[in-house]
Amino acid sequence: MSGQPMPCSPAEISSLFLFEKLTPEQLGRLCAEGRVERFEPGPVYAEGDPATCFYVMVEGTVVLSRRVGGDDVEVIRNSQPGVYSGAMQAYLGDRARQVYNNSMRVTEPTRFFVLPADTFAAIMQEWFPMAVHLLEGLFFGSKATQTVIGQRERLLALGSLSAGLTHELNNPAAAAVRATSTLRERVAKMRHKLAMIASGPYPRESLAGLIDIQERTAELVGKAPALSPLEASDREDALTDWLDDHDIPDGWRLAPTFVQAGLDVDWLEQVAAAVEEDVLAGAIGWLNYTVETELLMSEIEDSTTRISHLVDAAKQYSQLDRAPYRSVDVHELLDSTLLMLSGKIGPIKVLKEYDRTLPEIPAYPAELNQVWTNLIDNAVSAIKSAGGEGTLTVRTARDHDRLLVEFGDTGVGIPADIRSRIFDPFFTTKPVGEGTGLGLDISWRIVVNKHHGALQVESEPGDTRFQVLLPLTAAENAENENSEESA
């Protein structure tokens with residue numbers, strides 16, 4: 001928006017704190033190469049537009065705002081003569097993206113001293129070369145540090161996830177190896193017992209009946225009901241008594257296996273009725289091997305299924321072979337992240353309050369997983385700081401035209417005096433070496449800049465809630481946005 005041109009007075013602009021130390025010659029050059037413009041209430045420039053001018057307010061009221069999601073959030077309102085905004089980094093040239101970082105409007109007739117961006121850059125480099133070098137060093141040094149620390153933050157998170165995943169994979173893998181070794185022994189004993197039965201003087205009908213019982217027993221094992229400890233103990237006692245009454249050796253050792261398989265005294269009675277008395281002990285031993293074999297195969301199946309689920313979760317978390325921008329179910333992303341972080345979460349109780357009626361949303365799933373990781377990691381740290389016992393609540397809901405993902409914890413809380421700084425780069429409350437101060441900054445950039453959403457926090461001791469609000473529909477040109485915004 002262009003203002004109404006007005007005369008430029010060196011005496012007037014010298015009263016502004018930004019120019020009060022300049023010489024008359026310098027003030028004259030500013031008036032010659034710059035201009036004074038009067039703006040009526042309304043917008044002056046918009047965030048994201050090419051930064052063509054540097055503005056210094058002479059008189060009036062200026063309001064600066066930033067775009068958060070679909071809203072413009074006011075960040076500064078000032079009537080102090082001399083406040084400035086606009087192309088403040090023009091002296092960096094093509095090495096920085098020259099766009100307005102905020103939107104500016106005026107609420108009353110307001111006059112500005114306006115300097116073209118290229119003129120401002122030339123004057124800065126000519127009049128204040130040392131200051132320009134210092135500012136360049138500050139700008140690029142901070143950016144380089146943020147990049148390096150950001151990479152380190154990702155590596156630390158990856159290392160933690162890898163350790164947790166390795167731990168989670170080790171348990172079912174070790175269980176499968178143990179079960180396979182034991183299964184080999186049981187199958188060998190079963191072959192030996194079968195050879196003994198086959199070589200004995202057993203009627204053909206008895207062998208056929210025994211094989212029929214074996215088949216029915218294998219089916220029962222797969223349908224074994226879950227028993228309480230008291231129910232299991234009572235059934236073990238009953239089976240042990242029955243086996244002892246029928247002179248079956250090692251009844252106390254066989255009974256727990258039969259109980260685990262869901263077998264009872266009625267089943268033993270069916271076996272006793274199907275075979276002769278002199279064959280009963282051998283038949284019970286043979287069926288015990290069958291039961292153990294079925295139980296071991298179920299254990300191997302459970303273990304390998306667990307491994308498969310973990311691999312699927314890792315693939316879902318890393319989004320391998322997936323389009324970077326697509327429609328996703330946030331619950332799948334949350335579940336995969338919680339599973340990947342289960343080793344770190346440890347004994348902390350996790351409550352899931354999901355609204356499963358929520359639709360899929362367009363998003364960058366791998367980057368949302370990074371947000372979940374940062375917020376869950378912070379929640380776990382807060383709970384551990386409060387004693388190690390607590391609850392992490394993950395909730396989803398609809399919030400008007402946005403999807404809400406909320407992470408609540410019962411940790412120590414965030415003091416009010418630092419709450420406004422937690423999203424600042426390099427700000428951390430963790431001990432030295434444990435936090436880089438970029439987790440929440442990166443999360444903010446991913447949610448706000450890349451997804452046009454909002455990230456906010458409400459906190460008091462014992463109740464801290466980070467809320468991520470994401471649009472239900474794709475923002476215009478969202479798929480083509482520069483990924484640097486979330487770096």
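pLDDT is the predictor's confidence in each residue, on a scale from 0 to 100. Contact means heavy atoms within 4.5 Å. The structure is a predicted model, in which local features need pLDDT of at least 70 and side-chain atom pairs count only at pLDDT 80 or more, while totals for chains, interfaces and linings use all residues. Residues are numbered from 1 along each chain as its sequence is written, and side-chain values use heavy atoms, with hydrogens and water left out.

**View 1. Confidence along the protein.** The mean pLDDT of the protein is 78, and 78% of its residues reach 70 or more. Helices (H or I, at least four residues) and strands (E, at least two) are DSSP runs, numbered from the N terminus. Confidence is lowest in helix α4 (residues 129–199), with a mean of 67, and highest in strand β14 (residues 402–409), at 94. Over residues 431–438 pLDDT stays under 50, and the model has 16 contacts beyond four places in sequence for this stretch.

**View 2. The disulfide of Cys-8 and Cys-31.** The structure holds one disulfide (a pair of cysteine sulfur atoms within 2.5 Å). The sulfur atoms of Cys-8 and Cys-31 are 2.1 Å apart, and the link is left-handed, with -70° about the S-S bond. Cys-8 lies in the loop between β1 (4–6) and α1 (10–13) and Cys-31 in helix α2 (residues 24–33), so the pair ties together parts that are 23 residues apart in sequence. Buried means under 20% relative accessible area, exposed over 50%, and partly exposed in between (1.4 Å probe, protein chains only). Cys-8 is partly exposed at 22% relative accessibility, whereas Cys-31 is buried at 14%.

**View 3. Packing of helices α10 and α12.** Helix α10 (residues 330–340) packs against helix α12 (residues 365–385) at an angle of about 50°, with their axes 10 Å apart. Axes are lines fitted to C-alpha atoms, for helices over the stretch in contact, and angles run from 0 to 180 degrees between N-to-C directions. α10 and α12 are therefore oblique to each other; angles under 35 degrees count as roughly parallel, over 145 as roughly antiparallel, 65 to 115 as roughly perpendicular and the rest as oblique. Residues making the contact include Leu-333 and Leu-338 of α10, and Leu-368, Trp-372 and Ile-376 of α12.

**View 4. The surroundings of Ser-65.** Ser-65 belongs to strand β5 (residues 62–68) and is buried, with a relative accessible area of 10%. Beyond residues up to four places away in sequence, Ser-65 touches several residues, among them Glu-47, Asp-72 and Asn-102.
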